[in-house]
Amino acid sequence: MLIAKVVGSVVASQKDEKLTDRKFLVCQVHDHHNEPQNQYVVAVDSVGAGTGDLVLYASGSSARQTELTDGRPCDAVVMAIIDSWDLDGTNVFEKWSD
Amino acid sequence: MLIAKVVGSVVASQKDEKLTDRKFLVCQVHDHHNEPQNQYVVAVDSVGAGTGDLVLYASGSSARQTELTDGRPCDAVVMAIIDSWDLDGTNVFEKWSD
Amino acid sequence: MLIAKVVGSVVASQKDEKLTDRKFLVCQVHDHHNEPQNQYVVAVDSVGAGTGDLVLYASGSSARQTELTDGRPCDAVVMAIIDSWDLDGTNVFEKWSD
Amino acid sequence: MLIAKVVGSVVASQKDEKLTDRKFLVCQVHDHHNEPQNQYVVAVDSVGAGTGDLVLYASGSSARQTELTDGRPCDAVVMAIIDSWDLDGTNVFEKWSD
Amino acid sequence: MLIAKVVGSVVASQKDEKLTDRKFLVCQVHDHHNEPQNQYVVAVDSVGAGTGDLVLYASGSSARQTELTDGRPCDAVVMAIIDSWDLDGTNVFEKWSD
């Protein structure tokens, strides 16, 4: 999985019928030091993530292992909202720090 | 999924028989700010996309989860035509803005 | 799929027995403007492609969706020989132009 | 598989229910000379790895072939803790050398 | 598949039990001109490859299509030892040339 920040969403009315009512999130990849990277992915939301959330997303066939994405043409899914992470014992990100 | 613009199509009469009548679209990847990237993919169309459309495409085994691509040697599928997207609350692209 | 030119072939007598009689093609990736890229792949041929042909190849599990590659340790397959393609209405490549 | 060093962990209380009690490790990729690379992955632990361990991780659908990850939206798993490796007959890393 | 040279091996006593007795080879990727690249992979051996051999390896789910890797958390397998290859009719590598 990679760390990403939800920065937007995509509207697409004309799509594969199995994707009806799925929410497409624009996610900007962050590195493990929480620096935004020049890389993004559009992922289906499976956990109720919203703009500004730092999340984990899974790619490839693993993106189809949630109830909302099973058997669907979807290659990226947000499967966790991050509370916090640390590197070498030092906190890098803490959702509730503000 | 990644955002891409349909910029052309490929004709290939000699191909795996399971791909007969499938349309191969040349798609140029765009970033989330809608800037064209130096990256392309040839994807099978599953939603009636045409030249100039901004679309989402799915890669890998997920590209085989549509009726038109199921069980076929196809690793990229256009599965949605984008109406619009936003970043941080600001509209980046709007199909019907013109 | 990506566009590639068949530039050679690999001989390997000692290999997984399920790959006996499969032809390994050295394919150089081309971009959508038909410029050769600094990237190659070795792909199994499923359509009778030969040196000099411009082809499409599929990667990953999709590479196992042909009769010749089904259930085999093969992650890239040539599944189409390109006749032509266009970009923004202009022909980029035409097999029979010479 | 790639070589990586476990450098931290991610806490995510809101996640796909099939990932409950799974441990998310922040892993920094190392090259074969044991140089840290500017690349990381968040992987589920299946072998009891801890901070500082050099490990192997598997990606994609192969990341779901352990008991802890089977059928789960997980695209990277730590499936081995490295004891040592050599290059051209010379030891590069030895876990118990200190 | 990609071309790689076997340059070492990894010892890992603590690993997923399904990987017991599997040999992990450190493989350095070569390009199609046989130039070593700054890229490596750790792959399970399925063909008896040894240090110095030029091999083909398959990635992703295709890496699990050999007897030794079926159903195992392994995303790269050496599935062929290269005898020779040519580019544009010129021999690039010949195992038995010395």
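Predicted model: local features only at pLDDT ≥ 70, side-chain atom pairs only at ≥ 80, totals over all residues.
Chain C is superposed on chain E by a rotation of 72°, with 0.0 Å of shift along the axis and an RMSD of 0.0 Å. This is the relation of a five-fold axis. Chain E and chain D are related by a rotation of 72° as well, again with 0.0 Å of shift along its axis and an RMSD of 0.0 Å.

The contact between chain C and chain E involves 30 residues from chain C and 27 residues from chain E. Between them, these two chains bury about 2300 Å², of which 51% lies on carbon and sulfur atoms. On the side of chain C, the residues that lose the most area to chain E are C:Q14, C:Y40 and C:D75, which together make up 28% of what that side buries. As for polar interactions, 17 residue pairs are in polar contact across the interface of chain C and chain E, counting pairs with both residues at pLDDT 80 or more. Salt bridges across this interface number 0. Only 3% of the interface residues of chain C are also interface residues in chain E, so the two copies meet through different surfaces.

Chain E also has a contact with chain D. Here 30 residues of chain E touch 27 residues of chain D. About 2300 Å² is buried between chain E and chain D, 51% of it on carbon and sulfur atoms. E:Q14, E:Y40 and E:D75 supply 28% of the area that chain E buries against chain D, more than any other three residues. The count between chain E and chain D is 17 residue pairs in polar contact, both residues being at pLDDT 80 or more, and 0 salt bridges. The copies use different surfaces here too, for 3% of the contact residues of chain E recur in chain D.

With the two remaining chains, chain E makes no contact. Chain A and chain E do not touch, and their nearest C-alpha atoms are 10 Å apart. Chain B and chain E likewise do not touch, with 10 Å between their nearest C-alpha atoms.

Which residues does E:L56 contact, leaving aside its neighbours within four places in sequence? In chain C, E:L56 is in contact with C:V10, C:F24 and C:V42. Within chain E, the contacts of E:L56 include E:M1, E:L2, E:I3, E:V77 and E:I82.

The cysteines complete the account. A disulfide is a covalent bond between the sulfur atoms of two cysteines. Over all chains, the structure holds 0 disulfides. C:C27 is in no disulfide, and the nearest cysteine sulfur, that of C:C74, is 11 Å away. C:C27 counts as buried because its relative accessibility is 0%. D:C74 is itself buried, with a relative accessible area of 0%.

Conventions
Residues numbered from 1 in each chain as written. Chains lettered and ligands numbered in written order. Heavy atoms only, no water. Least-squares fit on C-alpha atoms with pLDDT ≥ 70 in both. Contact = heavy atoms within 4.5 Å. Disulfide = S-S within 2.5 Å. Buried < 20%, exposed > 50% of the residue type's maximum accessible area, 1.4 Å probe, protein only. Buried area = accessible area lost by both parts, 1.4 Å probe. Salt bridge = Lys/Arg side-chain N within 4 Å of Asp/Glu carboxyl O. Polar contact = N/O pair within 3.5 Å; in protein donor to acceptor, adjacent residues only side chain to side chain.
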